[in-house]
Amino acid sequence: MTVEFRGKVWVFGDNLNTDAMYPAFAMKMDPSEAARHVFYQVRPGWTDQVSRGDIVVAGRNFGLGSSRPVGALFVELGIAGLVAEEFNSLFFRNAVNAGLPAMTVPDATSVFHEGDTGTFDLTCGIWRNDTTGASGRVPKLPGLLLDIIESGGVLPRLVEQGYLPGELGELLRSPTVAIRGAGSGA
């Protein structure tokens, strides 16, 4: 098993809270529509610029605040993974539960610049800025978290393990189920 992601990076700063990532007015929308409003408050129009396979890089306290299921919206947008100097623990688990790879990289916002290309291997704990050649190691994620990410999220993982009916497999991989099941109030 190898959990790796590679893509163009978009760099954000410190203390990005989930309310700024997923505004309240978008919480009653279908996921495909709500995803168009990610980072609406901090970088209007970002979702018109981002492409499938891109990576979000952020500073410290990434995802603080309420437990809005932003990870599922990133999946809807096609974001390949998240990298931050420090994640809020609830936000980190929400991302993993949505099947979104996430890696903590100290000084990520100094090592990566907007538009760089990065490669991140969660299985080995290795990261590389393919544009500059900078690289490093971080602690590997526990096997259970890697299994959840590789399965596409916690609900698809439960299908694989036989705890949920197999015919629900593809449905449970959808951002709609991840968002509606995460207590978003929608």
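Start with the aromatic rings: the structure, which is a predicted model, holds 13 aromatic pairs. Select F12 and W46 to see one of them: the ring centres sit 5.7 Å apart and the planes make an angle of 80°, so this pair is edge-to-face, since anything over 60 degrees counts that way. F12 belongs to the loop between β1 and α1 (18-21), while W46 is in helix α3 (residues 46-49), so the pair links distant parts of the chain, 34 residues apart.

**Next stop: the sheet**

Switch to cartoon and colour the strands. How many strands form the open sheet, and in what order? There are seven, running β4-β3-β2-β1-β5-β6-β7, with mixed pairing. Go to the edges and you'll find β4 (102-104) and β7 (135-137); each has a single partner strand, so one side of each is left without a neighbour in the sheet. Ignoring direction, neighbouring strands of this sheet are turned against each other by 25° on average.

Now zoom in on strand β1 (residues 4-11), which pairs with β5 in the antiparallel sense over five bridges. Pick F5 and look across: F120 in β5 stands opposite. Then turn to the other pairing of β1, with strand β2 (residues 55-58): here the sense is parallel, and there are three bridges. To find your place in this pairing, select V11, which has V57 of β2 opposite.

Back to β5 (residues 117-121), this time for its pairing with strand β6 (residues 126-129): the two run antiparallel and are joined by four bridges.

Which residues make the contact? Show side chains for F92, R93, V96 and N97 on α5, and for L145, I148 and I149 on α7. Colour them by class and you get five nonpolar, one polar and one charged residues.

**Last stop: an annotated span**

Finish by selecting residues 52-104, which UniProt lists, in an unreviewed entry, as "domain: Aconitase A/isopropylmalate dehydratase small subunit swivel".

Terms used
Residues are numbered from 1 along each chain as its sequence is written. This is a predicted model: local features need pLDDT of at least 70, side-chain atom pairs count only at pLDDT 80 or more; totals for chains, interfaces and linings use all residues. Side-chain values use heavy atoms; hydrogens and water are left out. Contact means heavy atoms within 4.5 Å. Ala, Val, Leu, Ile, Met, Phe, Trp, Tyr, Cys and Pro count as nonpolar, Asp, Glu, Lys and Arg as charged, and the others, Gly among them, as polar. UniProt positions are given in the numbering used here, feature names are shortened, and annotations may be inferred rather than shown by experiment. Two strands pair if DSSP finds at least two bridges between them. Axes are lines fitted to C-alpha atoms, for helices over the stretch in contact, and angles run from 0 to 180 degrees between N-to-C directions. Rings of Phe, Tyr and Trp (its six-membered ring) pair if their centres lie within 6.5 Å; planes under 30 degrees apart count as stacked, over 60 as edge-to-face and the rest as tilted.
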